[in-house]
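Here are my notes on the pockets and the helix packing. Please read them with the model open.

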Amino acid sequence: MQLDSRDRAILALLQADCRISNADLATKVGMSASACWRRVRAFEDSGIIARYGAVLNPENVGLEFEAIVLVQLTRHDPDKLQDLVRVIERRPEVLECFATTGQADYHMHVLFPDIAAYNTFLETTLFRLPAVASAQTNVVLRKIKRAEAIAP
C-alpha cells in the first residue's frame, strides 16, 4: 500500500492519540469524516495498524527494574531453542526479545518490580533452560529515548 502525506498524517495522529475521534482526525488532516474513516479501516484491514492500546508509565505501576539482557546459548539445538522461545513468549516481564547477530544470541528487554524479582526470574526460569549458557544484564539507568511511534 502506497502512503501519501495524508495517510502519514493520519497514522502519526493515531499513534499519538488512538482515542481521537474520527471527526477530529478528519479535521486535522483536512478531509471529510467518511473519507478519513475509510482510510483508517483500510489501514486496519491491511495490517498497517496492528492494534490500538494505552502506553503505561512503568514506575507508576510498580515496575522499577528495567534491563537489557544479552543471552548466550550453549547450543543451537532446535528443540532447546523452541523451549527458550516458549518460555520467553509466556513471560509478561519480557517486553521484547530479539534473535541477534554478534556475541549474544538474544537480546531481551525486561521490566520487573525490583532486582529481587529479576533475580528470581534468572534462577527459576532463564538459567534452568538447557539452551542458555549465560546472561549479561545491562541495567537501564535512565531512558534517553523511547519511541512509542514509528514514522510511517
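1. What volume does the second largest pocket have? The second largest pocket has about 150 Å³. A pocket is found on a 1 Å grid over the protein atoms alone: it is an open set of points where a 1.4 Å probe fits, with protein on both sides within 12 Å along at least five of seven lines, whereas a cavity is a set from which the probe cannot get out. Points are joined across faces, edges and corners, and the volume is the space filled by probe spheres set on them.

2. A word on the source. This is a predicted model, in which local features need pLDDT of at least 70 and side-chain atom pairs count only at pLDDT 80 or more, while totals for chains, interfaces and linings use all residues. Residues are numbered from 1 along each chain as its sequence is written, and side-chain values use heavy atoms, with hydrogens and water left out.

3. Lining of the second largest pocket. Lining residues have an atom within 4 Å of a point. Among them here are Glu66, Ile68, Phe98 and Arg146. Strand E1 (65-73), E2 and E3 each supply at least two residues. E3 gives the largest share, three residues. Helices (H or I, at least four residues) and strands (E, at least two) are DSSP runs, numbered from the N terminus. By class, the lining has five nonpolar, two polar and five charged residues. Nonpolar means Ala, Val, Leu, Ile, Met, Phe, Trp, Tyr, Cys and Pro; charged means Asp, Glu, Lys and Arg; the others, Gly among them, are polar.

4. The largest pocket. Its space is about 1200 Å³. It is lined by 34 residues, and Arg51, Gly53, Ala54, Val55 and Glu148 are the closest to its centre. Helix H1 (5-16), strand E2 (94-99) and strand E3 (106-112) each give two or more residues to this lining. H1 gives the most, with four residues. The lining of the largest pocket divides into 23 nonpolar, four polar and seven charged residues.

5. H1 against H2. H1 and helix H2 (residues 22-29) pack at about 135°, with axes 10 Å apart. Axes are lines fitted to C-alpha atoms, for helices over the stretch in contact, and angles run from 0 to 180 degrees between N-to-C directions. H1 and H2 are therefore oblique to each other. Angles under 35 degrees count as roughly parallel, over 145 as roughly antiparallel, 65 to 115 as roughly perpendicular and the rest as oblique. Arg6, Ala9, Ile10, Leu13 and Leu14 in H1 meet Leu25, Lys28 and Val29 in H2. Contact means heavy atoms within 4.5 Å. This contact has six nonpolar, no polar and two charged residues.

6. H1 against H3. The angle between H1 and helix H3 (residues 33-46) is about 75°, and their axes lie 11 Å apart. H1 and H3 are therefore roughly perpendicular. From H1, Arg6, Asp7, Ile10, Leu11 and Leu14 meet Cys36, Arg39, Val40 and Phe43 in H3.

7. H2 against H3. These pack at about 100°, with axes 9 Å apart. H2 and H3 are therefore roughly perpendicular to each other. Asn22, Leu25 and Ala26 in H2 meet Ala33, Cys36, Trp37 and Val40 in H3. The contact of H2 with H3 has six nonpolar, one polar and no charged residues.
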